Each structure stands twice: as structure tokens, then as C-alpha cells.
Amino acid sequence: MPIMRAAYTSSFNAEDPLAALTVGERPEPTHPESDWVTVRVRASSLNHHDLWSLRGVGLSADQLPMILGCDAAGVDPDGNEVVVFPVVPDRADPRGMSILSEHFQGTLAESVAVPRANLVPKPAELSFTDVACLPTAWLTAYRMLTTKGRVDEAEAVLVQGAGGGVATAAVRLGVALGKRVYATSRDAGKRERIAALGATAVEPGARLPERVGVVIETVGAATFEHSLKSAAAGARIVVSGATSGHEPVLNLRRVFAMQLEILGTSMGTPEELAELLALCVRRDIRPVVDEVVPFSRVANAFARLASGDVFGKVVVDHTA
Ligand SMILES: NC(=O)c1ccc[n+]([C@@H]2O[C@H](COP(=O)([O-])OP(=O)(O)OC[C@H]3O[C@@H](n4cnc5c(N)ncnc54)[C@H](OP(=O)(O)O)[C@@H]3O)[C@@H](O)[C@H]2O)c1
């Protein structure tokens with residue numbers, strides 16, 4: 001059986017996720033169904049999801065070993081440059097779908113198998129490393145702002161924990177869409193970099209000069225009270241993650257008195273990914289990239305993400 005290099009997990013470690021990471025060899029992917037194809041991966045990017053997987057969140061022992069990675073851009077068997085939409089129909093999952101690296105092998109390898117319907121054409125104007133940032137974090141941020149948050153009805157947006165992959169995407173997209181963007185970060189250096197993206201950077205919990213129409217929440221327990229307090233009447237608080245804990249203090253009086261909408265969301269659709277790619281080309285938007293790491297140093301890329309000391313996406317170049 002042909003083998004390929006891959007970053008994968010064959011055990012879990014809740015306290016020290018990096019200890020559960022293996023960089024080594026795995027079999028080349030096989031196709032569960034006839035309408036699947038193999039994509040040669042040119043670039044991928046890491047997400048907090050990969051750290052959850054190493055901790056054993058969302059994966060069970062019988063699914064191991066599992067190649068990590070949700071995001072990929074590469075070349076299909078016909079030679080087309082493609083971006084991989086990472087949500088795959090999955091009869092075995094109660095949601096009816098799963099994200100690459102949950103039930104089906106992930107993208108941090110030389111090749112990944114996906115349904116042909118998951119291939120979205122890569123615009124020539126965008127590089128492989130740029131588009132590899134978009135399918136998970138950027139797509140999530142795009143859907144949070146547009147489909148769920150109805151940002152065109154808002155003048156101001158608050159993004160919590162703005163150093164993260166989803167959050168930097170939300171800041172850059174919010175600014176590009178002409179909104180006043182406020183963003184919190186615990187780190188003074190990150191606040192400076194957020195300000196350079198065109199947002200007003202504040203410390204976590206700080207009172208804003210105005211209430212906002214959309215809040216982008218991925219931090220959870222540590223910031224949710226501030227999200228509620230910062231929301232204008234009728235605002236949408238859109239939640240796609242809870243990095244700091246999923247059981248926040250929730251003042252229900254504020255929810256009904258201010259007629260707030262708290263909306264959960266997960267990833268997006270292939271159509272939204274195509275819209276996002278077109279928007280990036282039309283408005284000359286490029287992802288915020290913390291670092292591009294060659295695949296030969298993929299373990300360093302994981303260590304960087306786990307340190308929390310990132311600003312934007314950590315990208316893996318599979319050609320190096
Ligand atoms: N549902 C979906 O479709 C979807 C898709 C993508 C991601 N997610 C989820 O969204 C979350 C963020 O993902 P990501 O890939 O953007 O992660 P990430 O790049 O690791 O970012 C996490 C950010 O959260 C902030 N943060 C972490 N711990 C915090 C704490 N205790 N208090 C305050 N802020 C804290 C940090 O911001 P500062 O350092 O700037 O304060 C950090 O930069 C994860 O939970 C992930 O699972 C969900």
C-alpha cells in the first residue's frame with residue numbers, strides 16, 4: 001500500500017495535546033464512495049479544532065489513527081487548482097455530516113480524499129497559502145457576519161479574542177465591509193496589530209463607546225458577559241466556539257429586555273465559500289497569516305498554535 005507523510009494522532013492527551021501528535025507515515029487515502037477524488041495538497045492551515053482533536057474532543061479511540069487538518073488547497077486528478085470544502089456528508093454522524101479529520105482522514109498529509117462536490121475552484125489571483133486559510137476559520141467568520149449576523153443591518157461589530165484565526169478573519173472582513181469594528185485581546189502587542197487592521201482594539205471587558213449590532217463570539221465563558229453588555233437592542237450575538245469554556249454566566253433579563261438574538265453556527269456552505277473567495281478577489285482581501293511553516297516543521301506549527309501566541313493563521317506549505 002503506498003504511503004505518504006502525514007501529521008496524525010493515535011492517542012489523546014487532554015493536558016498536553018502536543019504529546020499526542022505524530023509526524024510520520026500513513027497509507028495514501030482510499031475512496032469510501034465512487035464520487036470521491038484525491039487532491040494533492042499544496043497548502044493547509046491549522047485550526048483550534050486540531051488541538052481539540054489531540055485532546056480527544058470530538059474524536060473517539062476507535063477512530064484512531066486520524067490524520068489531522070480541516071483546511072486544504074491543492075490540485076485535483078484533472079490538474080485543476082482547487083480549495084477543499086471541509087464538511088463531508090456522513091451517515092454515521094448524528095449531524096448528518098462531519099468535518100475532515102473527524103470521521104474521514106484530514107488534510108495534513110500529501111493527499112486527501114473528498115467528495116468531488118467538495119471541490120471549489122481556486123481563483124488564480126489568490127495563492128495556495130492564502131486560500132488554505134479560508135475553508136474553516138474564514139468561512140466560519142464570513143457566515144457569522146453575513147448569513148447569521150446580518151451585518152449589513154449593523155453599523156458596528158465587536159470581535160472577542162481578536163488574535164485567533166476566526167477572530168482576525170472577522171476583523172478584516174468587518175473592516176472590508178465598511179463596519180466600525182471593535183476587538184478585544186488580552187495582549188497589548190496583539191491589540192496594536194488589530195488596530196493596524198483598521199479596528200478599535202480594547203482590553204477584554206472594556207466599555208465600548210457605542211453598543212454594537214453584531215458580536216462575534218469564539219472565546220465563550222471568559223468574554224460572554226461583556227458580549228451581552230456590549231450588544232445594542234436587537235443585536236445578534238453569533239457563537240461558533242468556546243475556547244475558554246462553554247458555560248458562561250448568562251443574564252437572561254438582558255437577553256429578553258434588549259431583544260437579543262444568540263445564534264449558534266458551524267462552518268458554512270460550499271456556496272458561502274465560493275462567495276468568500278469572490279469577495280477576497282473583488283476587494284483585494286488577503287488572510288491574516290501569522291506564519292507559513294514548511295511541512296517538515298509541522299510540529300513547530302502545532303506548538304505555536306498551542307502557545308496561544310498567534311496572530312492570524314498558521315499555514316503549512318506542503319511543497320517544502
Ligand atoms: N463552529 C465552527 O464552525 C468553528 C470553526 C472554526 C473555529 N471554531 C472554534 O472557534 C474557537 C476559535 O478558533 P480559532 O481557530 O480561531 O482559535 P485560535 O486561533 O486558537 O484563537 C483563540 C483566541 O481566543 C482567545 N482566547 C483564548 N483563551 C482565552 C481566554 N481564556 N480568555 C480570553 N480570550 C481567550 C485568544 O485571543 P487573545 O489572545 O487575542 O485574547 C486566542 O487568540 C475555537 O474554540 C474553535 O473550536 C469553530
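Strand E1 (residues 3-9) is joined to E2 by 7 bridges, the two running antiparallel. Everything here comes from a predicted model, where local features need pLDDT of at least 70, side-chain atom pairs count only at pLDDT 80 or more, and totals for chains, interfaces and linings use all residues. Residues are numbered from 1 along each chain as its sequence is written, and side-chain values use heavy atoms, with hydrogens and water left out. Strands (E, at least two residues) and helices (H or I, at least four) are DSSP runs, numbered from the N terminus. Two strands pair if DSSP finds at least two bridges between them.

E1 also has a partner in E4, with 2 bridges and again an antiparallel run. Put together, this gives an open sheet of 3 strands in the order E2-E1-E4, with antiparallel pairing. Strand E2 (21-27) and strand E4 (66-67) sit at the edges with a single partner strand each, so one side of each has no neighbour in the sheet. Ala6 stands opposite Gly24 in E2. Thr9 faces Leu21 in E2, and Thr9 also stands opposite Met66 in E4. E1 is mostly covered, as 5 of its 7 residues are buried; buried means under 20% relative accessible area, exposed over 50%, and partly exposed in between (1.4 Å probe, protein chains only). Helix H9 (residues 298-307) lies across E1 and E2, running at about 140 degrees to E2. For such angles, axes are lines fitted to C-alpha atoms, for helices over the stretch in contact, and values run from 0 to 180 degrees between N-to-C directions.

A second open sheet has 6 strands, in the order E13-E12-E11-E14-E15-E16, and its pairing is parallel. Its edge strands are strand E13 (200-202) and strand E16 (261-264), each pairing on one side only. From one strand to the next, the twist averages 20 degrees. E12 and E13 are joined by 3 bridges and run parallel, with Tyr182 opposite Thr200 in E13. E11 and E12 pair in the parallel sense over 4 bridges, and here Val159 stands opposite Ala183 in E12. E11 is covered on both faces: Ala156 and Leu158 on one side, and Val157 and Val159 on the other, are all buried. Helix H3 lies across E11, E14, strand E15 (231-239) and E16, and runs at about 140 degrees to E15.

Helix H4 (residues 165-176) has 12 residues and reaches 17 Å from its first C-alpha to its last, close to the 16 Å expected at 1.5 Å a residue; the expected span is 1.5 Å times one less than the number of residues. Of the 12 residues of H4, 9 are buried, so the helix is largely enclosed by the rest of the structure. Among the buried ones are Gly165, Val166, Leu173 and Gly174. The buried residues of H4 pack against helix H3 (134-148), strand E11 (156-159), strand E12 (180-184), strand E14 (212-217), helix H8 (270-282) and strand E18 (313-317), where contact means heavy atoms within 4.5 Å. Just after H4, Gly178 takes a positive phi of about 85 degrees.

Ser53, in helix H1 (residues 48-55), is buried with a relative accessible area of 1%. Leaving aside neighbours within four places in sequence, Ser53 is in contact with Phe12, Leu59, Leu68 and Ser101. Asn47 sits in the loop between strand E3 (36-45) and H1 and is buried too, at 7% relative accessible area. Not counting residues up to four places away in sequence, Asn47 touches Cys70, Asp71, Thr136, Ala137, Leu305 and Lys313. The side chains of Asn47 and Lys313 are joined by a polar contact of 2.7 Å. A polar contact is a pair of N or O atoms within 3.5 Å; within protein, one must be able to donate a hydrogen and the other to accept it, and residues adjacent in sequence count only if both atoms are side-chain atoms.

Then there is the ligand. It is surrounded by 24 residues, the closest being His48, Ser185, Lys190, Ser240 and Met267; a residue is near a molecule or strand if one of its heavy atoms lies within 4 Å of it. An N or O atom in the side chain of Lys190 is 2.7 Å from an oxygen atom of the ligand. A polar backbone atom of Ser240 is 2.8 Å from a nitrogen atom of the ligand, and a backbone N or O atom of Thr265 lies 3.5 Å from a nitrogen atom of the ligand.
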